[in-house]
Amino acid sequence: MSSSPAFTIGIEEEYLLVDKDSLDLAPAPEALMERCGAALEGQFSPEFLNCQVEIGSKVCKTVAEARDDLKTLRSTVARIAGEFNLAPIAASCHPFSDWRDQHHTDKERYNELKADLAGVVRRMLICGMHVHVGIDKNDQRIDLMNQLSYFLPHLLALSCSSPFWQGEDTGLSSYRLTVFDNLPRTGLPPKLDSWGSFERSVEALVDLGVIEDSSKIWWDLRPSSRFPTIENRICDVSPRLETSLTLAALTQALTRMLWRLSQGNQRWRLYDNFLLAENRWRAQRYGGREGLIDFGAGEIIPFGDLVEELIELVGEDAQALGSVAEVENARAIVQRGTAADEQRAVYVNALQAEQSQEAALRDVVKHLTEDFHFDL
């Protein structure tokens, strides 16, 4: 048996800032950015829009380590934001704010993005969550990435947190992806033959001056441009910390499971992206409500049953990684409903209490500010 990869994890989350009184989006004051930056020592940064911020965990060996780090990051951002009468929310879309009213952060990287991507990038009032899993060997990273793509719709379905857009219920559970997919070099990753194949493709675009490096490749799953990791980028950001940890634990455990198969000369079957995209759409549209396609069985399986299968599939790996509780929390997410389901429930309850549509949407934002602190 070959030596095991590190399977370390790192988690990045993007948050929106809202005014505590109006619950509208609000730009981050420079003093807030400076104080969070100083308090979190390189784990905090601005994002494209000036109402967004981003945090990144340290490299963690276990999900328990990640929990401690994310608790510190989330609570610090919330505490400092509160001193400016602001509150963070971890949802992939703000329920009622208009992207036309937002302004991008005045930094060279973001100025270049605006110039390069034009009107498409102006609509990027969305937040995501990225999970890195440490895989040292380049070709192994590509091989595992090809197989892990199968499970991206399952992870997306658990994470959905963006049902509303500009004051309307979109009918989707992850509206964020409809916005993000308008950018170039997004969506499901292509099947790659090797690390060399990936590098040659990147170099072709770099040599043409189209991109400067692979950080401008925004697939749902990619080899990180900065670290020896597989980077899962498909998930909506989660209002609750424990949901984030479950998504990280599943990403880590699934990666280890696929590596474990390889030690017995086995592998997960590769399906064409045309088929995987159908499950991606079902997850984006319904979250966990309508089930996903099991292509081996040739039928649509209720999502709760698929989650039970996932928990069993990675049971040995979760045990080895110390993440059994976090993996099994996926069952509770299915039973409770996704963050998108919970937001809709708050909205419907407010309307049934004869509140206006505007007041109901503000109730949703208030719910999101409270959910941010739920597990802290």
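Analyst: A nonpolar core is a set of buried Ala, Val, Leu, Ile, Met, Phe, Trp, Tyr and Cys residues joined through side-chain atoms within 4.5 Å. This is a predicted model, in which local features need pLDDT of at least 70, side-chain atom pairs count only at pLDDT 80 or more, and totals for chains, interfaces and linings use all residues. Residues are numbered from 1 along each chain as its sequence is written, and side-chain values use heavy atoms, with hydrogens and water left out.

User: Which residues have the most contacts inside the largest nonpolar core?

Analyst: They are Leu32 and Phe44, in a core of 123 residues. Helix H8 (residues 241-262) contributes the most to this core, with twelve residues; helices (H or I, at least four residues) and strands (E, at least two) are DSSP runs, numbered from the N terminus.

User: What does Phe44 touch, leaving aside residues up to four places away in sequence?

Analyst: Taking contact as heavy atoms within 4.5 Å, Phe44 touches Leu32, Met33, Cys36, Gly37, Val53, Glu54, Ile55 and Val77.

User: Why is Glu41 called exposed?

Analyst: Buried means under 20% relative accessible area, exposed over 50%, and partly exposed in between (1.4 Å probe, protein chains only). Glu41 has 67% relative accessibility, so it counts as exposed.

User: Why is Asn85 called partly exposed?

Analyst: Its relative accessible area is 29%, and therefore Asn85 is partly exposed. Asn85 lies in the loop between helix H2 (63-82) and strand E4 (86-89).

User: What makes helix H5 (residues 152-159) largely enclosed by the rest of the structure?

Analyst: Eight of the eight residues of helix H5 are buried, so this helix is largely enclosed.
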